[in-house]
Amino acid sequence: MTEILAVFRSRTQAIECKDRLRACGVPAEVTATPSELKIGCGFSVKFPQAALGRAKYIAAGGSSFYGLYAIVRGAGGYFYRRL
(Lines give C-alpha, C1' and ligand atoms only; values in the text may rest on other atoms or scores of the structure.)
Protein backbone atom coordinates (compact mmCIF):
# COMPACT_ATOMS: atom_id res chain seq x y z
CA MET A 1 0.00 0.00 0.00
CA THR A 2 1.39 3.39 -1.00
CA GLU A 3 1.07 6.17 1.51
CA ILE A 4 0.93 9.91 0.94
CA LEU A 5 2.58 12.71 2.91
CA ALA A 6 1.02 16.15 3.13
CA VAL A 7 3.92 18.48 4.03
CA PHE A 8 3.35 21.74 5.90
CA ARG A 9 5.45 24.74 6.96
CA SER A 10 3.48 24.99 10.24
CA ARG A 11 3.24 22.34 12.95
CA THR A 12 -0.11 23.70 14.05
CA GLN A 13 -1.60 23.36 10.57
CA ALA A 14 -0.23 19.82 10.22
CA ILE A 15 -2.05 18.83 13.42
CA GLU A 16 -5.22 20.63 12.33
CA CYS A 17 -5.10 18.86 8.96
CA LYS A 18 -4.82 15.48 10.69
CA ASP A 19 -7.87 16.33 12.81
CA ARG A 20 -9.91 17.41 9.76
CA LEU A 21 -8.94 14.26 7.84
CA ARG A 22 -9.95 12.01 10.74
CA ALA A 23 -13.25 13.89 11.08
CA CYS A 24 -13.93 12.96 7.43
CA GLY A 25 -13.12 9.31 8.05
CA VAL A 26 -9.59 9.30 6.62
CA PRO A 27 -7.08 7.39 8.76
CA ALA A 28 -4.32 9.96 9.20
CA GLU A 29 -1.39 10.49 11.53
CA VAL A 30 1.17 13.19 12.15
CA THR A 31 4.70 12.00 11.38
CA ALA A 32 8.16 13.48 11.03
CA THR A 33 8.90 14.91 7.60
CA PRO A 34 11.71 12.84 6.06
CA SER A 35 15.00 14.71 6.19
CA GLU A 36 15.61 13.81 2.52
CA LEU A 37 12.88 16.26 1.54
CA LYS A 38 14.59 19.20 3.30
CA ILE A 39 11.33 21.15 3.53
CA GLY A 40 8.66 22.17 5.98
CA CYS A 41 8.47 22.49 9.72
CA GLY A 42 9.41 18.92 10.55
CA PHE A 43 5.88 17.52 10.68
CA SER A 44 3.77 16.01 7.92
CA VAL A 45 0.48 14.17 7.80
CA LYS A 46 0.52 10.61 6.46
CA PHE A 47 -2.57 8.92 5.01
CA PRO A 48 -3.33 6.04 2.61
CA GLN A 49 -3.29 6.65 -1.14
CA ALA A 50 -6.87 5.41 -1.36
CA ALA A 51 -7.97 8.60 0.43
CA LEU A 52 -6.03 10.95 -1.86
CA GLY A 53 -9.12 12.29 -3.62
CA ARG A 54 -10.69 13.59 -0.42
CA ALA A 55 -7.50 14.40 1.43
CA LYS A 56 -5.84 16.64 -1.15
CA TYR A 57 -8.61 19.23 -0.87
CA ILE A 58 -8.55 19.16 2.91
CA ALA A 59 -4.74 19.45 3.08
CA ALA A 60 -4.52 22.20 0.47
CA GLY A 61 -6.86 24.39 2.55
CA GLY A 62 -4.06 25.33 4.95
CA SER A 63 -2.02 28.45 4.22
CA SER A 64 1.23 26.68 5.17
CA PHE A 65 0.59 23.65 2.95
CA TYR A 66 3.72 22.81 0.93
CA GLY A 67 2.74 19.80 -1.16
CA LEU A 68 1.89 16.12 -1.46
CA TYR A 69 4.47 13.35 -1.77
CA ALA A 70 4.01 9.64 -2.45
CA ILE A 71 6.09 7.33 -0.29
CA VAL A 72 7.43 4.63 -2.60
CA ARG A 73 9.09 1.58 -1.10
CA GLY A 74 11.92 0.25 -3.25
CA ALA A 75 14.75 -2.23 -2.94
CA GLY A 76 17.07 0.52 -1.68
CA GLY A 77 14.66 1.90 0.90
CA TYR A 78 12.07 4.66 0.68
CA PHE A 79 11.78 7.18 -2.12
CA TYR A 80 9.58 10.29 -2.23
CA ARG A 81 7.83 11.48 -5.37
CA ARG A 82 6.07 14.86 -5.52
CA LEU A 83 2.50 14.67 -6.73
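This note goes through the strand pairing and the salt bridges of a predicted model.

1. The strands around S4. Strand S4, which covers residues 65–74, pairs with strand S1, residues 3–8, in the antiparallel sense, and six bridges join the two. One place to look for this pairing is Ala6, whose bridge partner in S4 is Leu68.

2. The hairpin. S4 also pairs with strand S5, residues 77–82, again in the antiparallel sense and over six bridges. Two residues lie between S4 and S5, and the two strands form a hairpin. When you follow the chain here, look for Gly74, which stands opposite Gly77 in S5.

3. Salt bridges in general. Side chains of opposite charge can pair when their charged atoms come close. The structure holds four such salt bridges, and the points below take up some of them.

4. Arg73 and Glu3. The side chains of Arg73 and Glu3 meet in a salt bridge, with a distance of 3.3 Å from N to O. This pair links distant parts of the chain, since Arg73 belongs to strand S4 and Glu3 to strand S1, and the two residues are 70 residues apart. Arg73 counts as partly exposed because its relative accessible area is 46%, whereas Glu3, with a relative accessible area of 17%, is buried.

5. Lys46 and Glu29. A salt bridge also joins the side chains of Lys46 and Glu29, at 3.9 Å from N to O. Here too the pair links distant parts of the chain, with Lys46 in strand S3 (residues 43–48) and Glu29 in strand S2 (residues 29–32), 17 residues apart. Lys46 has a relative accessibility of 19% and therefore counts as buried, the cut-off for that word being under 20%. Glu29, by contrast, is partly exposed, with a relative accessible area of 40%.

6. Lys18 and Asp19. Which residue forms a salt bridge with Lys18? The partner is Asp19, and the closest N and O atoms of the two are 2.9 Å apart. Lys18 is buried, with a relative accessible area of 15%, whereas Asp19 is partly exposed, with a relative accessible area of 41%.

Conventions
Residues are numbered from 1 along each chain as its sequence is written. This is a predicted model: local features need pLDDT of at least 70, side-chain atom pairs count only at pLDDT 80 or more; totals for chains, interfaces and linings use all residues. Side-chain values use heavy atoms; hydrogens and water are left out. Two strands pair if DSSP finds at least two bridges between them. Helices (H or I, at least four residues) and strands (E, at least two) are DSSP runs, numbered from the N terminus. Buried means under 20% relative accessible area, exposed over 50%, partly exposed in between (1.4 Å probe, protein chains only).
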